[in-house]
Amino acid sequence: MKFWLLVPAIAALAIAGIAWGAGEARVSNKSLEAVESMVNDKFRGAGPDPYDVLAAAHCTYLEGYGAITTVEIQLIYLSGVNPFRPAYSPQEIANVRERKLKKLPILRDAMRSLLAASATRLDSVPPEQRIALDASLQHFSWEDSRGIPQRLLMSGEKSKILAAQGSPAALAAAIEEQVQ
């Protein structure tokens, strides 16, 4: 039998092998969903001044980069917000601003702790790849949002995040922050 007759069969097997390998995710959906659930629970948690989660967390693995989780929130929960409400007074607008400014450092701490927990839960992400958390911070059209970011992105190399666990200062140093 001539070798050239086997070429189409070998090519078909190679293509099938590539397709089969492409179907297998490096990071399981189960671990991505666990991170999503953890982030949602953290931001939906009750407290003296809860967040308002506008869009649930979504975690994705990007081959060659790592894992990124996105969430859309209001820094504070405001009851009674509707389009038929009379205009907010200057004092109410100042109070909303003050509450949000106080909430920013709390958000940063929460995001760092979530990155550390995500690095642990996403055990199949290679250590040299990144773990990222992107919080989109929504604002009301009437509020004074000067100095309050629209987006806060924190990321770090998984191995550095894992090595820094247990020390808030080391964790803060291992995580890069981008503000928009």
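Two strands count as paired here if DSSP finds at least two bridges between them. Helices (H or I, at least four residues) and strands (E, at least two) are DSSP runs, numbered from the N terminus.

A word on the source: this is a predicted model, where local features need pLDDT of at least 70 and side-chain atom pairs count only at pLDDT 80 or more, while totals for chains, interfaces and linings use all residues. Residues are numbered from 1 along each chain as its sequence is written, and side-chain values use heavy atoms, with hydrogens and water left out.

Cys59 has Thr69 in S2 as its bridge partner. Three residues lie between the strands, and Gly64 takes a positive phi near 90°.

On to the next pair. Between S2 and S3 the chain passes through H3, in a right-handed β-α-β crossover. Right-handed means that, with the strands pointing away from the viewer, the path from the first strand over the helix to the second runs clockwise.

So what is the order of the five strands in the open sheet? It is S1-S2-S3-S4-S5, with mixed pairing. S1 and strand S5 (176-179) are at the edges with a single partner strand each, so one side of each has no neighbour in the sheet.

Now the helices. H2 lies across S1 and S2, at about 155° to S1. H3 packs on the sheet and touches S2, S3, strand S4 (151-157) and S5; contact means heavy atoms within 4.5 Å.

The two helices also meet. Helix H2 (residues 29-44) packs against helix H3 (residues 90-121) at an angle of about 160°, with axes 10 Å apart. Axes are lines fitted to C-alpha atoms, for helices over the stretch in contact, and angles run from 0 to 180 degrees between N-to-C directions. Among the residues that meet are Val35, Met38 and Phe43 in H2, and Leu107, Met111 and Leu114 in H3.
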